[in-house]
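Could you walk me through this structure in plain words?

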Amino acid sequence: MSVHLTATNVTRRYGPTAVVEGVSLTLEPGNITALLGGSGAGKSTLLRLFAGLEPLDGGEIRLGDELLSAPGKTVPAEKRRIGLIFQDFALFPHLTAAQNVAFGLKSRGKEAARLLAAEWLERLGLTDRAGAYPHELSGGEQQRVAIARALAPEPAAILMDEPFSGLDPALRGSVRDTALAAIREAGIPALLVTHDPTEALESADCIAILQGGHLLQQGEAAEIYQRPQSAAIAAALGPVSRIRAADLPTGLVGQDVPVGAELIVRPEGVLQDESSTVRASVTASQLTGPLCRLLLECQGQSLTALVPRMTAPKAGTEIGIRLDPTLTFIFQSADS
Amino acid sequence: MKWYASLATACVFLAACGAPSGDSGEPEAAAESVAEPTGLLNVYSARHYDSDKELYKRFEDETGIRVRFRESGAAELLEAMKAEGDNSPADVIISSDAGTLYRFKDAGLMQPVESELLATRIPEHFRDPDNHWYGLAKRLRVIVYDPARVEPEQVDEYADLASANLEGDVCMRSSTNIYNLSLMGELIDRLGKDTAEAWARSVVANFARPPQGGDTGQIEAIAAGQCSVALVNHYYWVRMTQGSDAQRKSVEKTMLSFPQQDSWGAHVNVTGAGVAAHAPHKEAAIQFIEWLAGEEGQFLLTTETKEIPLVAGAEMPEGLDRLPPDFKESIFPLNQLGENQAEAQAIYDRAGWN
Amino acid sequence: MSALAAIRRFRFRSIDGPALLAGLIIAVPVVVTLFAGLMNGGGEAWTHIRDTLLTGYTTGTLGTLLLTALMTLAVAVPAAWLVTMYQFPGRGLFEWLLILPLAAPGYVLAYAYADLMGLMGPFQTAIRDVTGWTARDYWFPDMRSLPGLAFVLTCALYPYVYLTARAAFVSQSVCALEAARSLGASSARRFWQVALPAARPAIAAGLALTLMEAAADYGAAEFLGVPTLTFGIVRAWQSFGEPAAAARLALVLVVIVIALILTERHTRGRAGSQQSSTRWRSVSRARLPRWAGLGAMAACALLFLTTFVLPMSRLVWLVMESQDQIAPIGRALVNTLILAGSGAALAFVLAMVIALTARQSGLIAGFARLMASTGYAIPGAVLALGALLVMGYLDITLTGAGAIVALAWVYASRFTTSGAEPMVAALGRAPASMGYAAESLGASPLRRAVSVDLPVALSGAMAGALILFVESLKELPATLMLRPFNWDTLSVRANAYATDERLAAAALPSLLITLAGLLPVILLSWRLSHSRPGDTQ
């Protein structure tokens, strides 16, 4: 049955620079783990190490008990049974959708492969596109073919490298839902590399944050969103307002904030409360859909708030604000 | 876009360089050593021998007539002269094939020349009956064979090349070559078209390899053992006897057989010259051809080529003593070679002789 | 947009004049030849050629094309795969060395190889000397044969396929290969079922180029004694003096070339070609194990030695060995510079027009482009025939200015496309919005072309001019047919000496031609190694 895919203390260097250093990460079966980080954080390299596309310089990678990678030993990608999905889909341009899906099913025999491919296309709603070539498919269709192709051979794990970022934003949500449902159903460990915190939060069960080749924190998505272990992590998961302790507007925070610490608050944690004594002037009020983003100035400090559109104040007015403690974090400032 | 600019450029190039360009090989020499050139002579030659440049220079030195020459393929000279028409600067046309000389005559590019000297020195069958061109040196198309494999009696006629017992033993050069066309031109008249074509077919059946290379290549092929018989002009064989070590080694493994000694004689062709129809310097042209029929002209014409001088008593080029002391050569109206040339090519083509 | 709609919407714009003119200039020779071939009876010579030679010419051309195609694919595609996908000793060097054979025209290699492998060449002589055998006692490959011709043409032309295959492999979605790995495909399966089919359109394009050049070859076929259609065309004109018959033969040849182009189009089929990946990652070349690496190195070295070093060394040796037999070629050099220079000048102007109008879509610009690429596909002998026919109609002789203009015209008709390519590429590097910006500022298309696009295109002009000059200089059959009387070029001299069996004399012009040919090839390989996306090596 499905087993864990585990990296232990993995290091990968290009020349003298370590691109990934001492990373330990366990991918649980049936779970989607988002690997979140900016460009150059080492996300793709880590994925390639899992996939066996690159050798590692330290640590080890195991699938269950089976050793896949260790320094000097790399089970080649074609022997790992780990599925891959790429940003550019990487469909074989000379094969139809059905042939693409059947590519990895060679060992099943021709007829079985054909049936299985048809089954997967049906599951992803592509039955009527089976005979189309990749360039004849829309972006979303291509992505679904890529997912069917990766899942059809029943891989032991699946790795996705920015799989949705090439899609039209309007399409992205529905494609993602279909895709991730299929992956969850397969009950195998899944890694989703992304630079988009929203996507990580929306799609993943677990989130691992990578920065500069180091793993900053990993855990359940909600947990990590609500209890980030550092300012950097908090910032990595979405927009925040940051205020140093010394500059803190009086009365904004109930508790004592140590000197040299930093307060971080998410926009939805800044609440409009006319009973509050802390006043802030609205410098701008921007509509973002159902919510309205307020740019506030409070005793010389800038804050961003998200409030329901219906109740949003106009620019130039003054409002009372308070902070939601569950969305407010105080860290000893490391970067000031 | 000034697309016409490049056309204009081309025209400028032309103005700069497009003037008749076939200057004498050594223009300075011509300009300086002959203080006062008494005349000018334009030679159109289809021969390519270094010794010809020496020949022109000697003529210049002796007569004071400055020689300008153009060397090119016979067909191209012909086309060029047709194109130049009345304005052609050509005075003398030299070609190493009687058939080609005939084609110049036939195209109206030559004029008759009455010359006592030439009439007495050049045997009648080596000149044009209407005196448009005169032969100056002759050559024979003979059979070369490997004495280790073939007896002389097996190859004493052209017909022998078609004999079934030489199957896989015959090497030939391409039929488009003028020497083979010329031979076929004679065979057509001697044997009739049908027999000549049958001969060509049988020769093709005897080929050891597809036609390739030149005459020297055929001799080398025999020496290397690829085949046993071939047709060559006598002078290629003679030149090899004086060539590099490798060439001498090759040629000494072979022998020549002069065919048809008991019948019409070995096929002969000539290098000859005529005066151009619109020659601007007709006197000098006649003087030049007469000079070529003289002692020095005959020597310079043949010393490198190893052709045989046509004028009785002329000095033989070195190495010709390797040929049999006397042999019978075919006496044949040489203009026929030109007339039959297209037919000859057609026969070879039909026979599959590439 | 349908052609009909385009015609209906057609308006004559300022830029269309030069484009129309360029298209017509390029188109005339081939159109005239085809017209003459269709309309004239062909005369008695044609009857003879049709009855006795046509089959041989046609099978000669088809056989040569087929064999050249097979050998080229067998050599060029694996070589491209090897240098793109694997790391082995000397890989970086071979990557561009393998392009060099493109510098030498087929006829030059034919001279060298016929001499090397001939009966009196070093190999056969050594065999006979060592063993005491005669030529009948052993088998040795015969260069003067159809397979020999195909071999020589493969040596000269395989880089076309090597280049396009290599480009396809380099730019292929590395992800597709990695996806294939993750789907359990072995390296052999990845090559045969992923990389090769995906690269197929590119390979087909390279092969089509190779075969067009092979079909256009005159010098090698003539020297090696293989009857082909191009050889037949030149011969029909030269020895039969019958342009109408030659035009008929040209018709057959053009049909074959068109079939080639259609086949190439067909291979693209419905299957998509290369998807250009949005993200580049260097191909992580697999390091070959020691012995396999040495094997790969040996294979590349063998290929380079066979196709370039060996024949060129033979020519150099011939020049060194028999200096007394070398004829002076100064005059031919000057003629070459003038003729190829005139051709390149005309072609350059036309190429510039094509390049500038390439960005302005329109009926006329499209026509000019189509004509230019058609000209490139048509063998030089056919175009020369067209020019000869035109000159015949106009009663212009082959002696004076007319001949130079005609030859320059044929060069331009054939090579304009190859000269326009680097200029189009240069323009492509500038954003299209630049042109729109100019037009939004009220510039007419013509003014836009001259004041905006022209300066950009000039950066590619050097390369274009060089390619045009060198292509013209290497050209043989058209030069042979059209050069003004007494205007032998290097290629014509090389051909004349070689057919005269004066190989030592032919070697020097041959080497000079190759040397000139190296210039654009080196430029090409330089551009190649500096414009490789994502590849840092």
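Start in chain C, where helix α8 (residues 174-182) packs against helix α9 (residues 187-216) at an angle of about 155°, with the two axes 11 Å apart. Helices here are DSSP runs of H or I with at least four residues, strands are runs of E with at least two, and both are numbered from the N terminus. The axes are lines fitted to C-alpha atoms, for helices over the stretch in contact, and the angles run from 0 to 180 degrees between N-to-C directions. At that angle, α8(C) is roughly antiparallel to α9(C). The word has a cut-off: angles over 145 degrees count as roughly antiparallel, those under 35 as roughly parallel, 65 to 115 as roughly perpendicular, and the rest as oblique.

Which residues of the two helices meet? From α8(C) come C:Ala176, C:Leu177, C:Ala180 and C:Arg181, and they meet C:Arg190, C:Val194, C:Ala195 and C:Ala198 of α9(C). Contact means that the C-beta atoms of two residues, placed from the backbone, lie within 7 Å. Sorted by class, this contact has 6 nonpolar, no polar and 2 charged residues. Nonpolar covers Ala, Val, Leu, Ile, Met, Phe, Trp, Tyr, Cys and Pro; charged covers Asp, Glu, Lys and Arg; the others, Gly among them, are polar.

This is a predicted model, in which local features need pLDDT of at least 70 and side-chain atom pairs count only at pLDDT 80 or more, whereas totals for chains, interfaces and linings use all residues. Residues are numbered from 1 along each chain as its sequence is written, and chains are lettered from A and ligands numbered from 1 in the order in which they are written.

Another helix pair in chain C is α5 (residues 106-117) and α7 (residues 146-171), with an angle of about 130° and axes 9 Å apart. That angle makes α5(C) oblique to α7(C), and their crossing is right-handed. Here C:Gly106, C:Leu109, C:Ala110 and C:Tyr113 of α5(C) meet C:Val152, C:Leu153, C:Cys155 and C:Ala156 of α7(C). This contact divides into 7 nonpolar residues, 1 polar and no charged.

Now step back to the whole of chain C, which has 22 helices and 2 strands. Of its 537 residues, 56% are buried; buried means 20 or more other C-beta atoms within 10 Å of a residue's own, exposed means 12 or fewer, and partly exposed lies in between, with C-beta atoms placed from the backbone. Among contacts in chain C with a separation of 6 or more, 85% join residues 24 or more positions apart.

Chain A has 8 helices and 19 strands. Its C-alpha atoms fill a box of roughly 75 × 45 × 35 Å along the principal axes, and 46% of its 336 residues are buried.

How do the chains touch? No contact joins chain A and chain B, whose closest C-alpha atoms are 40 Å apart.

Finally, chain B is assigned domain 1 (21-138 + 269-322) and domain 2 (139-267 + 324-351), with bounds that come from an automatic or database domain assignment. Their centres, taken over C-alpha atoms, are separated by 28 Å.

Notes
Left-handed = near helix turned anticlockwise from the far one by under 90°.
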